Structures are given as C-alpha cells and as structure tokens.
Amino acid sequence: MISLAGRDIAHSWAKFVLTGFGLGLLIGVTLTMAGVYRGMVDDALMLLKNSGADLWVVQKDTQGPYAESSSLRDDAYRSVLGMPGVSRAANVTYLTMQVHQGEGDVRAMVVGVVPGQPGEPGYLVAGRQITRAHYEAVADVKTGFALGDLIKVRRHDYKVVGLTQRMVSSGGDPMVFIPLPDAQEAQFLKDNDAILNDRARTAANPALNRPGVPGLLDAVLASQSSNHNVNAVLVQIQAGFDADRVAEPIRRWKHLEVFTRAQMEDILVAKLIATSAKQIAMFLVILAIVSAAIVAFIIYTMTLGKLREIAVLKLIGTRNSTIASMILQQALGLGLIGFVVGKTAATVWAPVFPKYVLLETGDALRGFVAVMVICALASTLAIRVALRVDPAEAIG
C-alpha cells in the first residue's frame, strides 16, 4: 500500500506539490509568528542584560523605568552607593523619540548614561565609547547611522562616535546613547515660546519677583530651566551579596522602589508584552485551524476522485486498515512537504522583518509534531468516506 499511495501521489503530483507549497507558506507564517513572540521576549531580556545592572532603583510605587514612568532626583545615587553590598550605582534616563538625521528620522530609545558606569553599551562593533560631557553619541547599527554622522536630538546635534549591536528597547526600537546631562535636558526641554511664556508668568508673580529681594527672580528662572531628575538608578552589587538582601534596606530607608533582575524580567515579559503574546497566540490558533481545514479539504477531494479504485480494493479483499493507512500516508506526506517549505520560507524572510524574529529549534520541532498531528486528524474525514464505500460500486 505504500507503493499504491506513492503511485497515487505521482499520478497527480503537480496538484499535490502545489498544495504542499501553499500549505508550507501558511506554516511559514505560523513559525514566523512564534518567532516574533520569541523575539519580543529576547528583546526584553536583552534590554536588561545590556544595562549591566543587578538592581533597578526607581520612583516609589512605580514599576519603572521600562513599564511605567519613573522620576527621582539625580542625587539619589549617592545615598544608594553608600548602602551595604552596593558596588557601583549610576543614574540613567530613557526616552523614546524620533532622532533626526538630515531630512529623515528614526524612532529610537535615547538613553542618557554616565560614561564608564552601568547603563552604557557593554561592547562596540566600531568606534569608541562616549568620552565627552556633551554632544557625542553611540548608536545601535539598526538605526542606520554610521561613524561620524551628525544626528539631532531635540535642538542639539550629536556626533556618532561609536556603533553597537543588539541594544534595543523592549519594543524593539534601537538605542542611541548620549551623555546624561544632555539626556536630562532633552527629556524635559520646552520650546522657545513655552520658555518665554513661563518666564513672563514667573515675572508677573509678585511672590517670585519682589522688588526688595534682588536676584530672587533670576534664581527662580534658573531653577525652572534646569532639570535634576532621572528615570532610574542602575546598581551593581558586590560579589557574594544576595540581590534581595541588598534591595531591602534601600526600600526601607531610602523610600524608593527596588527591583531585582528576576522581578524586572517578570514585569517586562509577564506584564509589558502579555497582551501582544495573547494576540499572537490567537493568530497561531487561527492559522492551525485554517491549516487543518486546507489539509482536510485536499485529502477529501483526492479521496472522492478515487472512490471506484477504493471499491475495487475492497472487492479483492483489501482490509480497511490498509486503505486508511494509504490515505493517512498521503496526508502526512502533504504535511511533510508543507513543513519543509514553511521552515525554509520562515528562515529566508525572518531577517527582512523590521523587528527581531527569533526562530528556535525547539519551536520548529514542536511545529513539526503539530503539523503531523493536524494532518493526521484532518485525514479522518476522508478515511471515513473511504471506509463507507460499497465494494459493489466497482461493478455497478
């Protein structure tokens, strides 16, 4: 019967191969959707890994700095640095915005870092790290920027002095690193008209512009135009110390929120991308149902086209299990062709996607098993039709 199944496929091989190719593209989309989810998780974990932090100190009662807005004074790192078990602590800011270059722009996460401290890119593929206090930048290669390019963040131009790779936000946006003071200014920078209006309102306030207190107005205006806030303090702990034990005194005595790496992973994966994961899961279920329907329809149609041949087989004494095995083999063969085409297609077009698509071997193996199971289940309709054929139809 294996030979009979093969001969039947060879008789209509064009239809069989084209059907397998179409099913393969559908399977390729399914594998790609799974890869998109894996890529989202990998981006989130890469964000934490690239920060180089063991603890994230953020505003109290928030889940910042990635899932929620967080703001704390930039001198908080000094008190954190004096806590037991803390090796290094540094301020950092995060701001997702459009970074301009010439006539175009790129959506990126602008990160304000202190050179040589946690938060700066851990490695470069070209150029050097930021060494000056202003107007230098290190960009991810995904931005398309090159060494020496001038990019614009808010009002100021920055020279790209280094390039890094796989430095992305949890949403897949590439990162651009600039000095912390510049990032603090960019995050809360107002336009010129807003600054003039604020100055006029302040000057018109008699409590802030007292004639008998010279210099008061200038001091107030200076405080309004400067920014001393950051989004988080990145902390590295000393060897031999437990992260939870180091975090607890900071929460208790500094009145700040502290997250360990495990807690931050839970926030990013289980909360930040949870809705996207559910949506992708829904698409996977729909694609699986559509694939099963296609296989069932094709095998059912092929079976209807050879009912007389099946009746002849029954007339000469062929067992029902043998006939069912023939139809099952055709369904599994269709699934095998579809999986090979789908896996090849997913591998080819995954690098073209704007976001990172991670195709894991484990997902491919689970996908192969799922395809074979779906094809086997889809063949049951055709098998039931074949087993109901009356042998008398062979001579009817």
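**Salt bridges and enclosed spaces**

Guide: Arg128 has a relative accessible area of 35% and is therefore partly exposed. The model is a predicted one. Arg128 pairs with Glu136 in a salt bridge whose closest N and O atoms are 2.7 Å apart. Glu136 has a relative accessible area of 4%, so it is buried. Glu136 also meets the side chain of Arg132 in a salt bridge, at 3.6 Å from N to O. Arg132, at 56% relative accessibility, counts as exposed because the cut-off for that class is over 50%. Side chains of opposite charge can pair when their charged atoms come close.

The count of salt bridges comes to nine. Another of them joins Arg166 to Asp43, with 2.9 Å between the closest N and O atoms. This pair connects distant parts of the chain, since Arg166 is in the loop between S8 and S9 while Asp43 is in helix H2, 123 residues apart. Asp43 has a relative accessibility of 3% and so counts as buried, the limit being under 20%. The loop that holds Arg166 runs between strand S8 (156–164) and S9. The backbone of Arg166 has a positive phi of about 60°, although the residue is not a glycine.

A positive phi is also found at His255, a residue other than glycine, where the value is near 55°. His255 is placed in the loop between helix H7 (243–254) and strand S12 (257–260). At 52% relative accessibility, His255 is counted as exposed.

Salt bridges also form a network, which links Arg38, Glu360, Asp363 and Arg366. Two members of that network, Glu360 and Asp363, are among the residues lining the second largest cavity. This cavity has a volume of about 60 Å³. Besides Glu360 and Asp363, its lining consists of Leu31, Ala34, Gly35, Lys343, Leu358, Leu359 and Ala364. The elements that give two or more residues to this lining are H2 and H12. The largest share, three residues, comes from H2. By class, the lining of the second largest cavity divides into five nonpolar, one polar and three charged residues.

Rolling a probe the size of a water molecule over the atoms shows where empty space is left. In the whole structure, two cavities of 30 Å³ or more are found. The largest cavity has a volume of about 70 Å³. It is lined by Leu47, Asn50, Ser51, Tyr66, Val92, Tyr94, Val111, Gly119, Pro121, Met167, Met175 and Phe177. H2, strand S3 (86–101) and strand S9 (175–179) are the elements that give two or more residues to this lining. The largest share again comes from H2, with three residues. Sorted by class, the lining of the largest cavity has nine nonpolar and three polar residues, and no charged ones.

Open spaces are a separate matter. The largest pocket has a volume of about 450 Å³. Of the 24 residues that line the largest pocket, Thr30, Leu31, Leu284, Gly367 and Ala370 are the closest to its centre. Helix H2 (13–51), helix H9 (274–304) and helix H12 (361–378) are the elements that give two or more residues to the pocket lining. H9 gives the largest share, nine residues. The classes in the lining of the largest pocket are 18 nonpolar, three polar and three charged.

The buried residues of H8 are Met264, Ile267 and Leu268. Seen down the axis of H8, these buried residues fall within an arc of 85°, so they line one face of the helix. Ala262 is also in H8, which covers residues 261–272. Ala262 is exposed, with a relative accessible area of 55%. The C-alpha atom of Ala262 is separated by 9.6 Å from that of Leu55, although the two residues are 207 residues apart along the chain.

Note on methods: Residues numbered from 1 in each chain as written. Predicted model: local features only at pLDDT ≥ 70, side-chain atom pairs only at ≥ 80, totals over all residues. Heavy atoms only, no water. Helix = DSSP H or I, 4+ residues; strand = E, 2+ residues; numbered from the N terminus. Buried < 20%, exposed > 50% of the residue type's maximum accessible area, 1.4 Å probe, protein only. Arc of directions from axis to C-beta. 1 Å grid on protein atoms, 1.4 Å probe; cavity = no way out; pocket = protein on both sides within 12 Å on 5 of 7 lines; lining within 4 Å. Points joined across faces, edges and corners; volume = space filled by probe spheres on them. Nonpolar A, V, L, I, M, F, W, Y, C, P; charged D, E, K, R; others polar. Salt bridge = Lys/Arg side-chain N within 4 Å of Asp/Glu carboxyl O.
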